[in-house]
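User: I would like to learn how to read strand pairing, helix packing and a chain contact in a model of this kind. Could you take me through them step by step?

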Amino acid sequence: MLTSEQSIVEYRAGRAIPDRLTQNTHRHYLEYAGKMLAIYREGIGRQRRELHRQVEAIFADEPDCPIRRIEAFCKLLDDAGIFQADTSGKAAKLRLDVFSKAARLHPLVQAPDRLFEHEEGAAKSQLAEELGAPWEMIEQGLYADVIAYQRLEEFTGYPDAAAFLSRYNVAQLQACLYRAESLTVTATRDLKTIVRYAKLAKLLHEIVRGTGVPPMTVKGIHGQDARATHGQDAHATYRITFTGPASVLRETRRYGVNFARFLPALLTCKGWKMEAILRTPWKTAAKLTLSEADRFTSHLPPPEEFDSSLEQSLADKFGPVRDGWQLIREGDILHEHQKTFVPDFTFRHGDGTEVFLEIVGFWTPEYLALKRETLRQFRRHRILLAVPESSLREGASITGHVLVYKTTLKLPPLLAALEAARAKRRHELVDG
Amino acid sequence: MMDRNPQQPITLSFDRGTLLLTGPQPREISSGAEPSVWRWDARVGAWRCEAIHYLSGRTALSRRFGAGFRDDVAKPVSVAWPKQDLPELRAEQKEALAAWTKGGRRGQIIMPAGTGKTEVAFATMAETQVATLVVAPVRDLMYQWHRRILAAFGYDAGIVGDNTFDIKPVTVTTYDSAYIHMDKMGAGFGLLIFDEEHHLPGKCRREAAILSTATMRLGLTATPERSDGCEADLDWLIGPVAYRLPFQQVRGSTLADYDVVRVPVALDEREQATYDQCSRVVRHFLAARRKEMPGYTWQDLCKETGKDPQARHAQKAYYLKKSVEDRAAEKLRVLEDIFRLHYGQQILVFAGSNAMAVEVSKRFLVPTILSHTPKRERLAVLEGFARGAFTVLVANRVLDEGVDVPEAKVAVVIGGQASTRQATQRLGRVLRKSGSSRATLYEVVCEDTKEVERSRKRRQSDAYERTVHRRV
């Protein structure tokens, strides 16, 4: 990641526009990127300072290139390499040695006289002789551990020039988020990935299920009972606002780094929009908006389409719609305060019934305990649980919402369970 | 909302730099007449407030809910010092300690450099005997606190900073690390000591005080003033000023008397040519721009550097000009003269940049303390200087504040910034009480350049009132 000093953001009409190099606006930068990678690839053994100067030289006649952009390139290149670190403290030892030896000659003067007889050049030659090396070499080694003088040892780099520029663009987005006070994601898919990575980045969430989705049958999602039309896209829309603990007390940029860490994971997802509220250097507010349509490329791999082959085969067998039921993968977030649960599938019927299915592939006692606790917490929801027969304890009671399977989940028992849930709901509605 | 189940306890806990109150329903707290520090946090279904309100919050809650209230916030442990090797406090130090104690052990002590603020801090630690976090501006100072705590109390304090995260009941850290880590370590310290407290009120750094539950707080500084006026916030971040010892009161008594000598140097022919050339580039560019856009400023130029190689060229010329000024060869010659003049005395040299510090070091083969100097070397250099094995020590800005450099009677400033604080701090460094000899501060500045102006600005600080102009 970049430092704030390398961040380039333009603020226009309340919007934050981070620096971005694209095929359209900066096609010629591909060539620059290639040259920069070459400098580092061929620069093994060179000092950091020299490498930075070489990179800077590429842009000497480029009219469109702020110094910060060059510094950001250097940071990303440095990050993809390993520099010789003076771990044994060789330079520090040499310094103490030289300065201790020189202390008795102090001061080294340019015109010696009777009082001060140690002429600089002569004294240094004398020290060099004592240390058994030419003075130039000693002087070079004296401050070899200073970061600017460290030498490049290894360069992993980036796959190609385009990948390097992609990484730069994402890095500028991330650096822009350092100034963010909150971040809101509107998402329909990949909810599990979004929630999981936000948790890894230690963010707190507020989840609101949006309108414009099929009628909701599930109570408790912030009490919203939207009577929505049956749209073409059966996916529910979730608005998830991420902040940190102190955000409720005051405006703080404390969590900007957490937002930045979360971003690359969001970029791998599908069907999302993002809006961050940031504070400009002039203390005004600005918005950074972003969506899948902006086509940023993350260096992280996209989330797996399915967690297991079991899920995959069920989705294939069931198809998108069957007997009035729509199948949606990871389409809903059940949540209570900071506890969340994204069931593997949502089945949504035309009449508004919603049933969730969670497939339990294997059991370890801890996993079992965790799942049981989660299900207990969300027991108000219609959740079906698919459990492999081999994992069942002897004498385990099979209730209506548990489906037992041998190798794959069969459709008839699943559809039967779905219909049973629908019937039950009808009764509840009639009973009022 | 349902009424609270009376069986359900009201629990206060620490959550990443904030206090979380679970149990009471939303209206149970908000109905109070005074503006409350508590906010309802729907994300977790609990009340939340800043950790700094711990003392008042806890008192109010236990009064209101009595036995139904449970405080789960980690309590600071008490510390038994292995030994106490503390000097007898001087009268003004005793006064400072008494004033702070009387102020509810929350407050600031303002005393000039070299008057023993650290000793007062140690006295508060000896008295309170509670888990303590010391926050210092830079790594050097953090290590110095560590060393001095070890010497005074025989206690090997924990360190948070410099790539170390080792928390103990008594821990030392830096402002930057405190900002980053206070959400993790905010509960568990009873006493916070902010050394050079004027660093605290910055937009981010203040969170080090806000995210902590410590009920006792001590701020130390010689110069609380900040250019942004935020020092007023220290009153609630730490506590009001408990004691203030003015600078004039100590001169000549506790501290050595001193002279300030300004030594003007001239650029040599080549430097002057480069300097003039650069000045012309900058001036021409600005003049050309101002013809089209009156009121065109340096900030405008910086903004344009991304779009216009000409602007970038002018910006580079400006930096080169500054660097010529900073690293004028004549400065090295003046240094040689000063070294000759003060032969046998300990001399501190403050450079305006790392590059200049390294240049001085390479020319005279004298040790440096720079921000990246490794811990062990730093100790060896300071120790060697204290014992007289090294007579000269070169520093950039690292030694600006608080780092003890004993027995230095001569300091040379060869470039630096114009702020009042730097001047006072640097003076304090050479004014440490050590015998009766007069201290001397040299300022080596280029003639006919901006540096002269900075020197003038520096002297407005009252520490410079008795400036003596003299050529070496």
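User: Which residue in E12(B) does Ile109(B) stand opposite?

Analyst: Strands of a sheet pair through backbone hydrogen bonds, either parallel or antiparallel. Here Ile109(B) stands opposite Leu220(B) in E12(B), and five bridges join strand E6 (residues 106-110) of chain B to strand E12 (residues 216-221) of chain B, the two running parallel. Strands (E, at least two residues) and helices (H or I, at least four) are DSSP runs numbered from the N terminus, and two strands pair if DSSP finds at least two bridges between them. This is a predicted model, in which local features need pLDDT of at least 70 and side-chain atom pairs count only at pLDDT 80 or more, while totals for chains, interfaces and linings use all residues. Residues are numbered from 1 along each chain as its sequence is written, and chains are lettered from A and ligands numbered from 1 in the order in which they are written.

User: In what order do the eight strands of the open sheet in chain B lie?

Analyst: The order is E9-E8-E10-E7-E11-E12-E6-E13, with mixed pairing. Strand E9 (164-166) and strand E13 (241-244) of chain B are the edge strands, each pairing on one side only, and the twist from one strand to the next averages 20 degrees. Helix H3 (residues 91-102) of chain B packs on this sheet, touching E6, E12 and E13 of chain B, and its direction makes about 170 degrees with that of E13(B); such angles run from 0 to 180 degrees between N-to-C directions, the axes being lines fitted to C-alpha atoms, for helices over the stretch in contact.

User: How do the axes of H9 and H10 of chain A cross?

Analyst: The axes of helix H9 (residues 191-200) and helix H10 (residues 256-267) of chain A come within 9 Å and cross at roughly 165 degrees. That makes H9(A) roughly antiparallel to H10(A), a term for angles over 145 degrees. Thr193(A), Ile194(A), Tyr197(A) and Ala198(A) in H9(A) meet Phe262(A), Ala265(A) and Leu266(A) in H10(A), where contact requires C-beta atoms, placed from the backbone, within 7 Å.

User: How many residues does each chain give to the contact between chains A and B?

Analyst: Chain B gives 35 residues and chain A gives 35 residues. The elements giving two or more residues to the side of chain B that touches chain A include strand E3 (39-41), helix H13 (329-341) and helix H15 (375-386) of chain B.

Methods
Angles under 35 degrees count as roughly parallel, over 145 as roughly antiparallel, 65 to 115 as roughly perpendicular and the rest as oblique. Two residues are in contact if their C-beta atoms, placed from the backbone, lie within 7 Å.
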